[in-house]
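Welcome, and thanks for taking a look at this model with us. Please open the view below and keep it beside you as you read.

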Amino acid sequence: MMRTQVGIVGAGPAGMMLAHLLGREGVESVVVEARSREYVQERVRAGVLEQGTCDLLEASGVGARMRREGLVHRGIELRFAGARHRIDLSGLTGGGTITIYPQGEVVKDLTDAHLAAGGQIYFSADEVSVHDFDRASPLIRFRAAGTPHELRCDFIAGCDGFHGVCRASLPVGALTLYERIYPFGWLGILAAVAPSSDELIYAHHARGFALHSMRSPVLTRLYLQCAPEEPLDAWSDARIWDELETRLASGDGGSLKRGPIVQKGVTGMRSFVAEPMRHGRLLLAGDAAHIVPPTGAKGLNLAVADVRVMARAIAAFARNGDSELIDRYSATCLRRVWQVQRFAWWMTAMLHRFEDASPFDYRRQMAELEYVASSRAAAQSLAENYVGLPFE
Ligand code: APR
Ligand code: PHB
């Protein structure tokens, strides 16, 4: 029987940021991850870090490579009705910026730092189960390299994503679920070509939404709105590029640079919240507790915000048995979760084509875009949410 203070299920951004922050507070943890280290770091995921996420990485000693290799952006561009509208993120937020730095790189930096500090991580674990979280010493059972393990801890952190085991282990009736499934998905590609724009471009178009993002000066990330279960084999590379060119057209003749597509995939889209995020000694964080549509680039940043609260709460309890922050964990996280859900929903509703939109809905949507493009107050509201609301 192994013993530690915090048993963390999942070594994605939530799990590894938590392990790292706890370590800095002198709180011991053991991480149990279903996949291999390579798989977790290679997964193609998000790439936009809020100002607060960057500051936290730097303040906790793992921001060096992100500062060296990350692309700092001071604005984004909206395109609609053939016109371009730059949102001056920095000017509207007193200097706030976002940083383009792949999620897999964040996880790599956190994992390297945690292992170098003596952190314990079981990769490729299977048959993971969680028990006794309604008591003072919850238990994680798992197998690693064919050997069964039992891990007693003071707290279990459920950082195992939307399809994880922790939320699924809660008794019926323990959770209230809130969900909206969108009637579309995104077809995303990674292309080995220089970006066609220095900044991100969010395009509203009669044929559907498109997004131009990037991963590095030689790797471009692009998405186009499609059906939720769009068959990928219906999309040749040429068809993808043609559709992106059409939707991203800006009327000033700028063209979209093309190159080899090195990865493509279709993801569905939902808003989801499971309340509360604490059940006795089991605390949920990140995608295990909530999902946002990717339009606001918030998934990774919200996971980081959750575990920042959790690390402080557990550290306070470990220091002097004070459970006040633990008792407030769920309410504290959910205040931000719902603000971010609102923003991600708003960006999604404003920018996507809804098949069932009435003529009134369509004209109202165009008015929303016009308002954001023409009103400083409206643009400032987008900017402060996009750069990231202040941490509590
Ligand atoms: N046992 C152990 N580990 C598990 C289990 C399990 N039963 N189920 C899932 N996991 C692991 C997954 O392999 C993954 O590495 O938990 C981790 C969860 O990581 P994420 O899904 O990345 O979730 P999170 O850390 O909350 O980060 C949210 O990741 O998926 C993106 O879009 C999402 O950007 C957001 C961010
Ligand atoms: C990405 O670069 O993957 C990305 C950027 C912005 C978004 C979503 C995804 O809103």
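## Before you start

A polar contact here is a pair of N or O atoms within 3.5 Å; inside the protein, one atom must be able to donate a hydrogen and the other to accept it, and residues adjacent in sequence count only if both atoms are side-chain atoms. This is a predicted model, in which local features need pLDDT of at least 70 and side-chain atom pairs count only at pLDDT 80 or more, while totals for chains, interfaces and linings use all residues. Residues are numbered from 1 along each chain as its sequence is written, chains are lettered from A and ligands numbered from 1 in the order in which they are written, and side-chain values use heavy atoms, with hydrogens and water left out.

## Ligand 1

Oxygen atoms of ligand 1 lie 2.6 Å from a side-chain N or O atom of Glu-33, 2.8 Å from one of Gln-103 and 3.0 Å from one of Arg-43. On its own, ligand 1 exposes 700 Å², and the protein buries 85% of that (accessible area by the Shrake-Rupley method, 1.4 Å probe).

The shell, meaning residues with a heavy atom within 4 Å, holds 23 residues, and Ala-14, Glu-33, Arg-45, Gln-103 and Asp-287 come nearest. Helix H1 (13–24) and helix H8 (299–320) each supply at least two of the shell residues; helices are DSSP runs of H or I with at least four residues, and strands are runs of E with at least two, numbered from the N terminus.

## Ligand 2

An oxygen atom of ligand 2 sits 2.6 Å from a side-chain N or O atom of Ser-213. Polar backbone atoms also take part: an oxygen atom of the ligand is 3.1 Å from one of Thr-295, and an oxygen atom is 3.5 Å from one of Ala-297. Taken alone, ligand 2 exposes 280 Å², of which the protein buries 97%.

Strands S16 (200–203), S17 (210–216) and S18 (219–226) each give at least two residues to this shell, with S17 giving the most, 3 residues.

## The nonpolar cores

A nonpolar core is a set of buried Ala, Val, Leu, Ile, Met, Phe, Trp, Tyr and Cys residues joined through side-chain atoms within 4.5 Å, where buried means under 20% relative accessible area (1.4 Å probe, protein chains only). The largest core has 69 residues, and Ile-8, Leu-18, Ile-140, Phe-142 and Ile-314 have the most contacts inside it. H8 supplies its largest share, 11 residues.

A second, separate core of 34 residues includes Val-48, Phe-80, Leu-200 and Ala-378. Val-48 and Leu-200 are also among the residues around ligand 2.

Terms used. Buried means under 20% relative accessible area, exposed over 50%, partly exposed in between (1.4 Å probe, protein chains only).
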